[in-house]
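Good morning, everyone, and thank you for making the time. Please take a moment with the structure on the screen before I go through it.

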Amino acid sequence: MAYIRLIVLVLVMEVIITVVVGLGMYVGFSVFPFMQAPVTTSGTAVQSAGVNATIPLYMPSLSDLKAPYTYLKNNGQSAWGIMAFAVSAAIIVMQSFIRGMYLGGLKGWVQDRRTVPLLACGRRYFRDLLAWSIFQHLIGVVIIFIAAVFFPVSLILMIVLLFYSLTPYLIVLQDLPFHESLAKAPRLFRRYFKSLLPLALLALLCTMIISSFRSLMPPMGYAVPLVAYACIGTLLIGALMNQLTMKLKEDLERTPNLPFGEFRSRRTVNYLSVLLVPAVVAAGIYAYTGKHLNVLDFGSKKELNGVSFHSNFSDVFYSSEQRYTAYEWQANDYRISIRLPDLTGDQKPDELRGIAVITWQVSEERSVVNGNITNHYVEPVTRKSRLMYRLVRETSEDGSSYYSSMNGSASILLGKERPQDPLAVQVMLSGDGSQLFVLQYPARFDISQVFRVSNDGRYLITGTSPVNPADFRTYWFSAEQRADQVFEILAAKNQANYIPSLNRSYLALACALQEGDGRMVVEVLDTMRRGDVDVQAPDWDEKTWSDYLRSQYKGIDMQQTLAYMSEAGAQGTYAGMEQVDESNEKTGLYKFEVSFPRDPIPILYKESKEDGRLLSVQVMIGES
């Protein structure tokens, strides 16, 4: 039972760290040295990949295995301040006390096979182990700063620190104060190195195997390494202390027994200790997934309805050399319940945080068994998910404010979703709080080139990913979605679009017409004219084009409007039919229509059959 009590100690300490790290994601502080690494711009998988070999020292910790303490993701830089310092200091103090309990309990067992009172051990060794923790972390900070300037020096410091690694064991085994143990540790390390080397190699092998479990699907990628490392790490540290005790006795070094009587626990307490293992692990899983943050979710929420849009490998995307983004839209029963403050005034908070409940679609894998054959397929399933978010105020190009999780954090709190790939989210909110966007995407993909905000900070204008663009789905929520707002989103999106060549540039023209963006229409037509393309189109300015095109959508509801808008982002929508009677061996004349609820706009274009060069374009307004 002595080992079970020590394993429970390890699990309790790790779960406490898990709770605090998750809370730091939500509030905005880091916990040194257990802070979660920020998500890189190329995306970060939910679990760490590969293996990590290490030697457990003093007490097993997930940080040894480079395993994350939380499923939540931190997008920004580590946040340091008074709160971060205070919380980190509190964790170090608590860990020093529990480490004294842990090593003291192991000492009692390896010396006399006695179960000793752990609290008394914690009090006995707390001061000296705290001094070691402070020393170790200060050297660690120095190593980090030096590594940023000149890595070889930091490597030398790490090797030097290794020679002092026996210090905590000497504090406990020989009852020496910190300064004496620190002075004695390098000499004993050199003397016992060969004897301890086989155990160190065994530890490396064991931790390499344990760390491979990090790649399991969450939350098992947290729970399995936690339990395995707590158990095996405790056995390894116990074996190390046993070898050190024997070596010290061989050298006639003093190894006094603990001045405590044996702790005799009742059978009920022993059973309770065993039951605590799964209970504490379950609590760790609960905190790892961020569900403990639900206790902070209070206050009234407003419910907003929404629609979704995504880009794809559309015809215009290919013809523009991946420089023109167009959207496909979907109106469904999407909604979100979220707590938002009044942001209409001049005084705005620096951060917004909370937990939202969103109804959206998640692509999940399904399987159908037909005899001896199992068919797997993926289908979108409407799910209700909980999102944790911390939005940081940012400034758009025109100086307006908006809120984004790109420098904060946003994560899905694991629920009933079973996505085909682990998902990540980003959240953007306009400065006045009227427009809310949630971007859902596979966690392994790049987001830096896709997350784009309009110049006025009102809209998220998602770009097209060169890899699986349809998996990047943006959900737009507001008190009311109107057609004029859709036009604004598309016009803002087109600010970043351009056509690098005239090759099939009539597709960009068709998209601009479909999206009611007069500025883009004028820009494409002018580009064609500068490229010596014979252009026949009304000589209108940007406003006249926009007014005319948007008037074509009057009289239809939002769902129908989005259906027409989606034609710009689809494939094969603007496929030209050759006008055989007016074509010849060198040139071809083609015609297609841009669909509108009122009057479709035919486009007639001519291009060379030899090199595909565009020769002429005619926009036939009122000639359908």
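Predicted model: local features only at pLDDT ≥ 70, side-chain atom pairs only at ≥ 80, totals over all residues.

Is the crossing of α10 and α14 left-handed or right-handed? It is right-handed, where a crossing counts as left-handed if the near helix is turned anticlockwise from the far one by less than a right angle, and as right-handed if clockwise. The contact behind this crossing is made by A483, V486, F487 and L490 of α10 together with M558, L562 and M565 of α14, contact meaning heavy atoms within 4.5 Å. These residues divide into seven nonpolar, no polar and no charged; here Ala, Val, Leu, Ile, Met, Phe, Trp, Tyr, Cys and Pro count as nonpolar, Asp, Glu, Lys and Arg as charged, and the others, Gly among them, as polar.

Residues are numbered from 1 along each chain as its sequence is written, and side-chain values use heavy atoms, with hydrogens and water left out.

Helix α10 covers residues 483–494 and helix α14 covers residues 558–565, and their axes come within 10 Å and cross at roughly 25°. Helices (H or I, at least four residues) are DSSP runs numbered from the N terminus, as are strands (E, at least two). Axes are lines fitted to C-alpha atoms, for helices over the stretch in contact, and angles run from 0 to 180 degrees between N-to-C directions. α10 and α14 are therefore roughly parallel to each other, since angles under 35 degrees count as roughly parallel, over 145 as roughly antiparallel, 65 to 115 as roughly perpendicular and the rest as oblique.

Let us turn to another pair. The axes of α3 and helix α4, residues 151–162, come within 7 Å and cross at roughly 160°, which makes α3 roughly antiparallel to α4. The crossing of α3 with α4 is left-handed. Among the residues that meet there are W132, F135 and I139 in α3 and F151, V153 and S154 in α4, and the contact as a whole has 13 nonpolar, one polar and no charged residues.

Finally, a few details of the backbone. Most residues other than glycine have a negative phi, and most peptide bonds are trans. R113, in the loop between α2 and α3, has a positive phi of about 55° although it is not a glycine. L252, in the loop between α7 and α8, likewise has a positive phi, near 60°, and is a residue other than glycine. The peptide bond from P218 to P219 is cis, with omega near 5°, and P219 is placed in the loop between α6 and α7.
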